[in-house]
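Biologist: I would like to learn how to read a structure of this kind. Please give the general idea each time, then the case here.

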Amino acid sequence: MFYNAKFNYRKSPATVRDANGFLVEGQDTPAIEGSFCQVERDGKAHQAIGEDGQQFNYSHTVYAPKQYGSVLEIGDTIEIAFLDGSILTKQIVGLDTTDRKRLVVWL
């Protein structure tokens, strides 16, 4: 079953070096407004194997406009606001950019 929603996303903080050369976590970026999307909630967590052989689990599939394919990356945080007022915040674990009309994001 598909749910209509709107999403905002937050880029994952980059790791930077401090004055002594140690790796430290970068600053958290503010949320960037996305657009309307459709969300499919999977009853059980699904497992998928990527082209590189890496296996990951996901529980939600988000269908977003194709224009976000060059913006969103694995590891970014996405906040989905459903029309009933509930909010879901999860990290992106997979992307599928092969569809011509939409971007598929796995959470």
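Biologist: What does the accessible surface of the protein chain come to, and how much of it belongs to carbon and sulfur atoms?

Modeller: Some ground rules come before that. This is a predicted model, in which local features need pLDDT of at least 70 and side-chain atom pairs count only at pLDDT 80 or more, while totals for chains, interfaces and linings use all residues. Residues are numbered from 1 along each chain as its sequence is written, and side-chain values use heavy atoms, with hydrogens and water left out. Accessible areas come from the Shrake-Rupley method with a 1.4 Å probe, and for residues only the protein chains shown count as cover. Here the surface of the protein chain is about 7,300 Å², with 49% belonging to carbon and sulfur atoms.

Biologist: How many helices and strands are there in the protein chain?

Modeller: Both are DSSP runs numbered from the N terminus: helices are H or I with at least four residues, strands are E with at least two. The protein chain has 0 helices and 9 strands. Its C-alpha trace spans about 50 × 35 × 25 Å along the principal axes.

Biologist: What share of the 107 residues is made up of buried residues?

Modeller: Buried means under 20% relative accessible area, exposed over 50%, and partly exposed in between (1.4 Å probe, protein chains only). In the protein chain, 31% of the 107 residues are buried.

Biologist: Which residues have the most contacts inside the largest nonpolar core?

Modeller: A nonpolar core is a set of buried Ala, Val, Leu, Ile, Met, Phe, Trp, Tyr and Cys residues joined through side-chain atoms within 4.5 Å. The largest has 17 residues, and those with the most contacts inside it are Phe7, Val39, Val62, Leu72, Ile80, Val105 and Leu107. Two or more residues each come from strand 1 (2-10), strand 4 (32-49), strand 5 (55-65), strand 6 (77-82) and strand 9 (102-106). A second, separate core of 6 residues includes Phe56, Tyr58, Tyr63 and Trp106.

Biologist: What does valine 62 touch?

Modeller: Contact means heavy atoms within 4.5 Å. Not counting residues up to four places away in sequence, valine 62 touches Cys37, Gln38, Val39, Ile80, Leu103, Val104, Val105 and Leu107. Valine 62 is found in strand 5 and counts as buried because its relative accessible area is 1%. Between valine 62 and valine 105 there are 5.0 Å, C-alpha to C-alpha, although they are 43 residues apart in sequence.

Biologist: Is threonine 61 buried or exposed?

Modeller: Threonine 61, also in strand 5, is buried, with a relative accessible area of 5%. Leaving aside neighbours within four places in sequence, its contacts include Gln38, Glu40, Asp42 and Trp106.

Biologist: Where is aspartate 76 found?

Modeller: Aspartate 76 is in the loop between strand 5 and strand 6. Its relative accessible area is 0%, so it is classed as buried. A polar atom of its side chain lies 3.1 Å from the backbone nitrogen of serine 12. Beyond four places in sequence, aspartate 76 is in contact with residues including Arg10, Lys90 and Ile92.

Biologist: With which side chain does the side chain of aspartate 99 make a polar contact?

Modeller: A polar contact is a pair of N or O atoms within 3.5 Å; within protein, one must be able to donate a hydrogen and the other to accept it, and residues adjacent in sequence count only if both atoms are side-chain atoms. The side chain of aspartate 99 makes one with the side chain of arginine 102 (3.4 Å). Aspartate 99 lies in the loop between strand 8 (94-96) and strand 9 and is partly exposed, at 27% relative accessible area.
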